[in-house]
Amino acid sequence: MEREADLTQAHHIFDLKYRLGDLRASSVEGATLLRLADGPTLITAPHSVTQVRAGREKPAEFWTGAIAETLGITLKASVLTALSPRVEVENAASSDPFLQTLIVTLRARAIRLVFDVHGLSGTHGLDINVGSAGFREPNLVDDLAKDLTACFSVALGKPYNGGGSITSLINRSTDIDAGAIQLELGPRLRSDTTNSSDLWTLTAVLRRFEEAFLRVR
Ligand SMILES: [Zn+2]
């Protein structure tokens, strides 16, 4: 997809179904979107629709499903998002149909790298918070944060480092040979006016990270 207009149009259309998924009564329980690509990377958005965590309802992290799908196209990566509310006993790494689909996918496919996309509240004043709990090549993560900083306001490891989440679950797994990075995205990358230039910049940085990661692992 080369034309700018095509990318933003697809991005907005992707987003529509997550708004529909947020209409609780009309969603199929435990529904996920799983799009498989040939590449080594998987993009996940576990909070693309409303979640129920520890009995409390948490709002959808809007646009994260669309971001995951758009990055799936630009990076030629596989994509896993939630289409109906997740019920998480404790956190995003708690077992439910979404997590089971993730584990089955990681075991069945040659996935080497996971970008786990979340929504960061505007109160943090950041564009991107990178989390890498348990990631085995910290120097690569430093390079990723530096690369992102050229265009975005970035924090590494704070307020979130990916601990107690999908990122640490994958990085610390003894039977899944993949690395995971958590990307908490602030309002700039999750709004009606997010532009294709930012989406392509994010794509380029993540591709450089993917290439560096595959060289060392
Ligand atoms: Zn989240």
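Guide: Let's take helix α6, which has 21 residues and reaches 30 Å from its first C-alpha to its last. That is close to the 30 Å expected at 1.5 Å a residue, where the expected span is 1.5 Å times one less than the number of residues. Helices here are DSSP runs of H or I with at least four residues, strands are E runs with at least two, and both are numbered from the N terminus.

A word on what you are looking at: this is a predicted model, in which local features need pLDDT of at least 70, side-chain atom pairs count only at pLDDT 80 or more, and totals for chains, interfaces and linings use all residues. Residues are numbered from 1 along each chain as its sequence is written.

Now look along the helix for its buried positions. In α6 these are S196, L199, L202, V205, L206, F209 and F213. A residue is buried if 20 or more other C-beta atoms lie within 10 Å of its own, exposed if 12 or fewer, and partly exposed in between, with C-beta atoms placed from the backbone. An α-helix has 3.6 residues a turn, so residues three or four places apart point the same way.

The largest nonpolar core has 55 residues, and I43, I67 and V117 have the most contacts inside it. Its largest share, six residues, comes from helix α6, residues 196-216. A nonpolar core means a set of buried Ala, Val, Leu, Ile, Met, Phe, Trp, Tyr and Cys residues joined through C-beta atoms within 7 Å. In soluble globular proteins, nonpolar side chains tend to be buried together.

Leaving aside neighbours within four places in sequence, I67 is in contact with A45, V117, L185, L189 and R190; contact means that the C-beta atoms, placed from the backbone, lie within 7 Å.

Finally, step back to the whole chain. The chain has six helices and ten strands. Its radius of gyration is 16 Å, close to the 17 Å that the globule rule gives for 217 residues, so the chain is as compact as a globular protein of that length. That radius is taken over C-alpha atoms, and the rule is 2.2 Å times the number of residues to the power 0.38. Of the 217 residues, 46% count as buried. Among contacts between residues at least 6 apart in sequence, 80% join residues at least 24 apart.

How values were computed
Contact = placed C-beta atoms within 7 Å.
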